Amino acid sequence: MKKIWKIHKIVLPQHSDHAGFMWHGTYFNWLEEGRINALSKAGINYDELTKIGFELPLIDTSIKYLSPLFLGDNITIETIFNITRSPKIKIYSKFMNKSKKVLTIAEVNLVLINKKSFTIIRKRPDFISKAFLKLNG
């Protein structure tokens, strides 16, 4: 069974538009926050990762809005990593309300790259492979 990484958020005024709906850009911010939080808990500080020459850029994503999020909503974002030998790192997330109703589902795909050459890393360093094993659960 895959490990589920969770963060909890509240839709605040800066996250919403004038009608009280959560702004679409906030979804991307929260997806990234969930990934960075999980990486940290698995032993990879993203800031340190970039300082030693690596990056995890987004290569594609999809978000399916099932029901809107509103100002004041308490949201749990559950994230599952699917990391295999492939260079592509697949991450699935769902946004749920207090009643555990799924409001949004998302898939984000990343690759590990060398920042200087902007090339995909196919053989990951051991410390990254070990952290990725933790992320998978």
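## Leu-69 and its contacts

Leu-69 touches Val-11, Gly-20, Phe-21, Met-22, Tyr-27, Trp-30, Ile-75, Phe-95, Leu-103 and Thr-104, leaving out residues up to four places away in sequence. The model is a predicted one.

## The nonpolar core

Leu-69 belongs to the largest nonpolar core, which has 34 residues. Five members touch the most other members: Leu-56, Leu-69, Phe-95, Phe-132 and Leu-135.

Nonpolar side chains in soluble globular proteins tend to be buried together.

## The sheet

Five strands make up an open sheet. Their order is β1-β4-β5-β6-β3, and the pairing is antiparallel. Which strands stand at the edges? They are β1 and β3 (58–65). Each has a single partner strand, so one side of each is left without a neighbour in the sheet. From one strand to the next, the twist averages 20°.

β4 and β5 run antiparallel and are joined by eight bridges. Thr-76 stands opposite Met-96 in β5. Two helices also meet these strands. α3 packs on the sheet and touches β1, β4 and β5. The direction of α3 makes about 125° with that of β4. α1 lies across β1, β3, β4, β5 and β6. Relative to β1, α1 runs at about 140°.

## The two sides of α3

Which residues of α3 are buried? They are Ile-128, Ala-131, Phe-132, Leu-135 and Asn-136. These residues cover an arc of only 145° around the axis, so they sit on the same side of α3. The other side of α3 has the exposed residues Asp-126, Lys-130, Leu-133 and Lys-134.

The cover over the buried residues of α3 includes β1, α1, α2, β2 (54–55), β4 and β5. Two of the buried residues, Phe-132 and Leu-135, are also among the core members that touch the most others. Just after α3 comes Gly-137, with a positive phi of about 85°.

## Aromatic pairs

There are four aromatic pairs in the structure. One of them joins Tyr-27 and Tyr-65 edge-to-face, at 4.9 Å centre to centre and 80° between the planes. This pair links distant parts of the chain. Tyr-27 is in helix α1 and Tyr-65 is in strand β3, 38 residues apart. Tyr-65 has a relative accessible area of 42%, so it is partly exposed.

Phe-54 and Phe-127 also form an edge-to-face pair, with 6.5 Å centre to centre and 65° between the planes. Again the pair links distant parts of the chain. Phe-54 lies in strand β2 and Phe-127 in helix α3, 73 residues apart. Phe-54 counts as buried because its relative accessibility is 13%, under the 20% limit. Phe-127 is partly exposed, with a relative accessible area of 40%.

Ring pairs also link Tyr-27, Tyr-65 and Phe-95 into a cluster.

Helix α2 contains Thr-50. Its relative accessibility is 14%, so Thr-50 counts as buried. What does Thr-50 contact, leaving aside its neighbours within four places in sequence? The partners are Glu-55 and Lys-115.

## Positive phi in two loops

Lys-100 lies in the loop between β5 and β6. Phi of Lys-100 is near 70°, a positive value in a residue other than glycine. Lys-100 counts as exposed because its relative accessibility is 60%, over the 50% limit.

Phe-118 is found in the loop between β7 (113–114) and β8 (119–120). Here phi is near 55°, again a positive value in a residue other than glycine. Is Phe-118 buried or exposed? At 62% relative accessibility, Phe-118 counts as exposed.

Terms used:
Residues are numbered from 1 along each chain as its sequence is written. Side-chain values use heavy atoms; hydrogens and water are left out. A nonpolar core is a set of buried Ala, Val, Leu, Ile, Met, Phe, Trp, Tyr and Cys residues joined through side-chain atoms within 4.5 Å. Buried means under 20% relative accessible area, exposed over 50%, partly exposed in between (1.4 Å probe, protein chains only). Contact means heavy atoms within 4.5 Å. Helices (H or I, at least four residues) and strands (E, at least two) are DSSP runs, numbered from the N terminus. The arc is that of the directions from the helix axis to the C-beta atoms. Two strands pair if DSSP finds at least two bridges between them. Axes are lines fitted to C-alpha atoms, for helices over the stretch in contact, and angles run from 0 to 180 degrees between N-to-C directions. Rings of Phe, Tyr and Trp (its six-membered ring) pair if their centres lie within 6.5 Å; planes under 30 degrees apart count as stacked, over 60 as edge-to-face and the rest as tilted.
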